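Subject: Structure handover

Hello,

Here is the structure I promised to pass on. Please open it alongside this message.

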Amino acid sequence: TNNEKIYTQVEVIDISYLVDLINMCNNLLKTDSAKYTDVSLKNFTDALSKAQEELDYNNATMTSNTIVDRCKTRYTNLWDAYQALELKKLAVTFNYKNADGTDASTVINVTPGHSLSEYADEVNAISTPQWISADGAYKYTFKEWNPAFDVNAAIIIDTTFTAVYDSESNLADFIAYNNAKATLLGKLTD
């Protein structure tokens, strides 16, 4: 009848913690996803998808405790996947010559945003010895890396440094000998 009153009870459940984490993770996915390894990113996106699935609020068996438990589980799974994201390593390649003049390379895998100063042992272990050309005519001595680098600068992309060498003749210098010989011969003929 028209005078009949219907009473309902509504229970408000705070799941803002889950919504905030989902928003943070969606933002990370849009802006920084390329920085992470494929495997860790897949686990993360799977957990994010599951966290965003609709809850069946109309299900008669869905109690407030069930909703809270499911939201906590989604939050925990998403948080764990977020914490497990692994940054890709960047390759910093050093190209140089061995003592016999053959090409050599050393690759140091660097965490993005870190500097080479954090990998000082690996960088300092690179040996750039003098070497002599195959015909023996030239001796090469390490001069610098190209491009030059600041050991404290953050590495943000794969990078290659190539050794630059100074060269000098490895042949005997006969100019002084020939000049002395000419002077001596000139004195003998005088």
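This is a predicted model: local features need pLDDT of at least 70, side-chain atom pairs count only at pLDDT 80 or more; totals for chains, interfaces and linings use all residues.

Helix packing

Start with helix α3, residues 64-83. Two helix pairs are worth a look, and α3 belongs to both.

Angles under 35 degrees count as roughly parallel, so α1 and α3 are roughly parallel to each other. The crossing of α1 past α3 is left-handed.

The cut-off for roughly antiparallel is over 145 degrees, so α2 is roughly antiparallel to α3. This crossing, too, is left-handed.

Salt bridges

How many salt bridges does a search of the whole structure find? It finds three.

D46 has a relative accessibility of 33%, so it counts as partly exposed. K42 has 49% and is partly exposed as well. Exposed would need over 50%.

Another joins K97 to D103. Their closest N and O atoms are 2.6 Å apart. K97 is partly exposed, with a relative accessible area of 23%. D103 has 62%, so it is exposed.

The remaining bridge pairs K139 with E168. The closest N and O atoms are 3.8 Å apart. Which parts of the chain does this pair link? K139 is in strand β4, residues 138-146, and E168 is in strand β5, residues 159-169. The two are 29 residues apart, and the pair links distant parts of the chain. K139 is partly exposed at 22% relative accessibility. The cut-off for buried is under 20%, so K139 does not count as buried. E168 is also partly exposed, with a relative accessible area of 42%.

Surface patch

Look next at L184, L185 and L188. Together they make a nonpolar surface patch of about 320 Å². L188 belongs to helix α5, residues 175-189. Is L188 buried or exposed? Its relative accessibility is 62%, so L188 counts as exposed.

Last, check I13 against A104. They are 91 residues apart along the chain. How far apart are their C-alpha atoms? The separation is 63 Å. I13 lies in the segment before α1. I13 is partly exposed, at 24% relative accessibility.

In short

Helix α3 packs roughly parallel to α1 and roughly antiparallel to α2. The nonpolar patch is made by L184, L185 and L188.

Best wishes

Conventions:
Residues are numbered from 1 along each chain as its sequence is written. Side-chain values use heavy atoms; hydrogens and water are left out. Patches are made of residues with over 30% relative accessible area and no salt bridge: like charges are joined within 9 Å, nonpolar side chains (Val, Leu, Ile, Met, Phe, Trp, Tyr) within 5 Å. Accessible areas come from the Shrake-Rupley method with a 1.4 Å probe; for residues, only the protein chains shown count as cover. A salt bridge is a side-chain nitrogen of Lys or Arg within 4 Å of a carboxyl oxygen of Asp or Glu. Helices (H or I, at least four residues) and strands (E, at least two) are DSSP runs, numbered from the N terminus. Buried means under 20% relative accessible area, exposed over 50%, partly exposed in between (1.4 Å probe, protein chains only). Axes are lines fitted to C-alpha atoms, for helices over the stretch in contact, and angles run from 0 to 180 degrees between N-to-C directions. Angles under 35 degrees count as roughly parallel, over 145 as roughly antiparallel, 65 to 115 as roughly perpendicular and the rest as oblique. A crossing is left-handed if the near helix is turned anticlockwise from the far one by less than a right angle, and right-handed if clockwise.
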